[in-house]
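Here is a short report on one protein chain.

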Amino acid sequence: MGSLKHNWEDNSAARLPLLVTFRGNEDRGSRWTCLKVMREKIKNSSVELKDFSKKALEMGRSDPRKVIFAMKMGLALSLVSLLIFWKGTYEDFAQYSIWAILTVIVTFEFSIGATFIKGFNRSLGTLIAGILAFCFAELSMVAGKLEEVVIVISIFIIGFCASYLKLYPTMKPYEYGFRVFVLTYCILMVAGNRTREYTQAVLTRLVLIAVGAGVCLVVNIFIYPIWDGESLHNLVVKNFKDLATSLEGCVNGYLKCVEYERIPSKILTYQAADDPLYSYRSVVQSTSQEDTLLGFATWEPPHGRYKQHKYPWENFVKVSGAIRHCAFMVMALHGCILSEIQAPSEGRQVFGSELRRVGAEGAKVLRELGSKLERMEKLSSGDILKDVHDAAEQLQKKIDQKSYILVNSESWEIGVRPKEIEDLNDVVDTQEDENMQLGFKSLSEAVLDLRSSPVRSASVPPCDAARTMFRRWPSNLASNPELFTKGDECRTYESASALSLATFASLLIEFVARLGNVVDSFEELSQKANFKEPTIINMSPGPGKKRVGTGTWVV
């Protein structure tokens, strides 16, 4: 028995080093895994940091105003921080200098208009809060033992009134002022109650806030000023150029029969693609940006090219609204390119030259208006819409002449004749119906005698192509491809595809009609803003110049 016990102890002692070795290897493996994970995280962090630094530098290069704004902010804070070292008579300035620093932090904005609004809100809110704090402080001191009750009730009244009034629609621009008003009142009441010096607390904070606001205005106005009015001006000019690019791209893309499969799939989720055709998106979505810039621009003093008192900034937004009205048509034109039902290329080429001319002339008008707005120059005496109107009229005439391409004329009632005439009364009734129907003939049918000549219609794509082009409508054909072989269904597809071409043409004509609103809005702006007269030079006439007198041409 003793030998058995001795042998077991020997075996246990022999197995112990193996167990220790296994656990040691396991610990070393886990530590190696942790080190490997940490190394990967450090490597990924360094890559992300490099990418962030690269994007930050690129942001500064693309818009140097952001770098200048940051430098001005640092300068304003440095100037205000000098109050910390104040050694003059009023030592409270050094003690409460944080009020001036906070004023710079919350008031200093990217542009001058935004800084004016923030400064006005903070100054007005602080002033009113200081006056009310002084009045309620005197009242609380008179109340004696009810001093705490008066202070608490006054804070409730102030908080209730300010929170309720800032919800009023016309008070929305002053929401920041209401917040400053409540915050300042509460701080003054608390600080005054502790020191029992309400008047000194109120005056000290008013002076320090005025110093901070003054530093913000001086630095922001006199060191590379950034004006929101100029930004609004540039935004409207950009809208003209972007819409012209989209219009030309839509017309050219439609005539080139851009296939649906080549369009990025992410357009189905309404995400912008990296394509010039999508430039109209910036025009449609610029409403909020324009409203913000308009609110800031109205606070800016006369400056630069905008020296007129009460400059008509709202007319810039009105012009942009007229451009947006046209942009909706360009969006609809782009929708025709992306539609499931597409017109055959043969039908598009019939109207190709007219469509292309309307698109080119429309883009030309937009670019000319954008150039005039950029130079702040009035329109010349000629009609800027003459060429685009002529192009639209030619397109409309071509549609009248070739309208049989846009519909399935075989199904017209005028082409239907009764197969059997039973008696003379039927003959008379038929003649009367025919005479009545002739009153509804289109211009194209008046040119072509459809009763005696075969009808020319847009060709139908092959059934294999039709399965792809019309894969979702109608549903019965999508589920039963054999029906493509039947004539009625193919004619249905033919009619639908032809109508899509008519839709594109009508949208383009509607775009031309809406251009008149843009021109009217521009002329109204040019009158109110006192744009300069168009440049007149003495030279021989050339393309794009109109003679207005002896030896003079308007560019």
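## A buried threonine

At 1% relative accessibility, T107 counts as buried. Buried means under 20% relative accessible area, exposed means over 50%, and partly exposed is in between, with a 1.4 Å probe and protein chains only. This is a predicted model, where local features need pLDDT of at least 70, side-chain atom pairs count only at pLDDT 80 or more, and totals for chains, interfaces and linings use all residues. Residues are numbered from 1 along each chain as its sequence is written, and side-chain values use heavy atoms, with hydrogens and water left out.

T107 lies in helix α4. Helices are DSSP runs of H or I with at least four residues, strands are runs of E with at least two, and numbering starts from the N terminus. Leaving aside residues up to four places away in sequence, T107 touches T115, K118, G119, R122 and C216. Contact means heavy atoms within 4.5 Å.

## Two helix pairs

Two packed helices are described by the angle between their axes and the distance between the axes. Axes are lines fitted to C-alpha atoms, for helices over the stretch in contact, and angles run from 0 to 180 degrees between N-to-C directions.

| Helix pair | Angle | Axis distance |
|---|---|---|
| α2 (residues 64–81) and α4 (residues 98–107) | about 170° | 9 Å |
| α9 (residues 228–255) and α12 (residues 313–338) | about 20° | 10 Å |

Take α2 and α4 to begin with. They are roughly antiparallel to each other. Angles under 35 degrees count as roughly parallel, over 145 as roughly antiparallel, 65 to 115 as roughly perpendicular and the rest as oblique. From α2, the residues M73, A76, L77, V80 and S81 meet A100, I101, V104 and I105 of α4. By class, this contact of α2 with α4 has 8 nonpolar, 1 polar and no charged residues. Ala, Val, Leu, Ile, Met, Phe, Trp, Tyr, Cys and Pro count as nonpolar; Asp, Glu, Lys and Arg count as charged; the others, Gly among them, count as polar.

Now α9 and α12. With an angle of about 20°, α9 is roughly parallel to α12. Their contact divides into 18 nonpolar, 7 polar and 1 charged residues.

H233 sits in helix α9. Its relative accessibility is 1%, so H233 counts as buried. What does H233 touch, not counting residues up to four places away in sequence? The partners are R305, Y306, F316, L373, E374 and M376. H233 and L293 are 60 residues apart in sequence, yet 9.6 Å apart in space, C-alpha to C-alpha.

## Two positive phi values

Most residues other than glycine have a negative phi. M376 is not a glycine, but its phi is positive, at about 55°. M376 is in the loop between α14 (352–375) and α15 (386–401). Its relative accessible area is 8%, so M376 is buried.

K310 also has a positive phi, near 55°, in a residue other than glycine. K310 is in the loop between α11 (287–297) and α12. Is K310 buried or exposed? At 72% relative accessibility, K310 counts as exposed.

## The whole chain

The chain has 20 helices and 3 strands. Of its 555 residues, 37% are buried. Among contacts with a separation of 6 or more, 77% join residues 24 or more positions apart.
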